[in-house]
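Let us walk through this structure step by step. We begin with one side chain and then widen the view.

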Amino acid sequence: MTEQKNTILSVKDLEVRFKVRDRVLTAIRNISMDFEEGRVVAIVGESGSGKSVFTKTFTGMLEVNGEITKGEIWFEGMDLTKIKKDSEWEKIRGKKIATVFQDPMTSLNPVKTIGDQISEVIIKHQGKSKSEAKQLAIEMMGKVGIKDPDKRYDEYPFMYSGGMRQRIVIAIALACRPRILICDEPTTALDVTIQAQIIRLIKDLSEEYGFTTIYITHDLGVVANVADVVAVMYAGQIIEYGDVNEIFYDSRHPYTWGLLSSLPQLGEKGEDLFAIRGTPPSLFEEIKGDAFAPRSNYALKIDYEQEPPFFKVTDTHYAKTWLLDPRAPKVEPPAAVKELHQRMTALTSKGGIYGER
């Protein structure tokens with residue numbers, strides 16, 4: 001029986017627009033999605049699909065020319081779209097919903113010691129004394145894998161490697177004991193070995209502390225190893241949603257098929273790596289029908305005329321494609337997707353894409 005989880009964050013019909021000179025760009029187009037407590041949710045898609053913009057609305061961090069023009073975001077009985085003042089956001093941002101960004105140097109103050117930066121967060125959000133905060137900071141540094149944390153407490157960011165700085169950013173985020181941790185491409189700037197360590201660290205800490213993790217990534221290798229649930233984004237919408245096994249081994253949207261087919265880790269010697277043809281649509285223009293239709297080898301006539309609804313595949317799996325309409329012709333996914341389970345099994349037997357799940 002599937003364990004029942006409580007909804008911690010609920011998004012309803014969200015729309016986000018940006019004013020760019022004298023034009024309007026609709027970055028998020030009517031997204032509805034529930035996040036369950038304690039789960040690891042991966043949001044995947046190409047650059048520009050809206051992944052980061054979507055999660056910035058949870059912490060009030062949209063750029064100044066961005067605005068939520070429609071919808072609701074419910075968290076702890078409060079609609080976050082109604083918050084307008086930074087003083088109100090300070091009760092949420094960092095304290096209850098924290099973010100780890102891809103470049104740790106943009107999050108760390110280069111002229112303050114590592115220890116002071118963790119301690120000040122603990123003092124501010126947990127109300128601890130300076131001595132208590134120092135001890136908790138040292139403990140958190142040890143938790144995230146910093147050796148001899150008591151000795152390294154007084155060192156500066158430039159004295160740490162990239163991987164160690166990312167561990168410190170995670171420590172700062174978790175020092176507030178947040179209920180939700182947003183990881184925005186947290187391993188992009190790191191080499192593969194360090195990526196694996198950071199991925200495992202976040203997974204272990206989420207299991208220990210029980211917070212909800214939201215991963216933003218274009219790397220499906222990360223998704224395979226950490227996620228419980230996957231949401232696939234395209235052109236400002238979620239177009240497929242399901243648990244990780246459903247998305248990897250029973251995906252239904254042609255865009256998801258394209259992402260899976262182009263996984264470089266699963267390529268075989270002598271084979272050309274698949275690439276999705278064309279480019280995403282301009283979000284300055286109104287999109288008619290299925291936004292992916294012009295790039296899809298499976299597009300139907302209706303895809304150019306009418307936006308598809310979400311079709312239910314299982315109780316946990318939904319896809320926004322006319323291919324699931326009972327009247328649509330039956331199509332098979334591409335060979336690379338049909339062989340995905342076999343290739344993934346072969347790869348994980350050698351240690352996984354980034355190690356075992």
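The backbone oxygen of Gly278 sits 3.2 Å from a polar atom of the Arg295 side chain. This is a predicted model: local features need pLDDT of at least 70, side-chain atom pairs count only at pLDDT 80 or more, and totals for chains, interfaces and linings use all residues. Residues are numbered from 1 along each chain as its sequence is written, and side-chain values use heavy atoms, leaving out hydrogens and water.

Arg295 also has a polar contact of 3.3 Å with the side chain of Tyr234. A polar contact is a pair of N or O atoms within 3.5 Å; within protein, one must be able to donate a hydrogen and the other to accept it, and residues adjacent in sequence count only if both atoms are side-chain atoms. Arg295 counts as buried because its relative accessibility is 5%; buried means under 20% relative accessible area, with a 1.4 Å probe and protein chains only.

Where does Arg295 lie? Arg295 is in the loop between α10 and β11. Helices (H or I, at least four residues) and strands (E, at least two) are DSSP runs, numbered from the N terminus. Helix α10 covers residues 254-261, and eight of its eight residues are buried. Among them are Tyr255 and Trp257.

Now the sheet. Its eight strands form an open sheet in the order β6-β7-β8-β3-β9-β10-β12-β11, with mixed pairing. Two strands pair if DSSP finds at least two bridges between them. The edge strands, β6 and β11, each pair on one side only. Strands β9 and β10 run antiparallel, joined by six bridges. There, Val232 stands opposite Glu240 in β10.

Notes:
Buried < 20%, exposed > 50% of the residue type's maximum accessible area, 1.4 Å probe, protein only.
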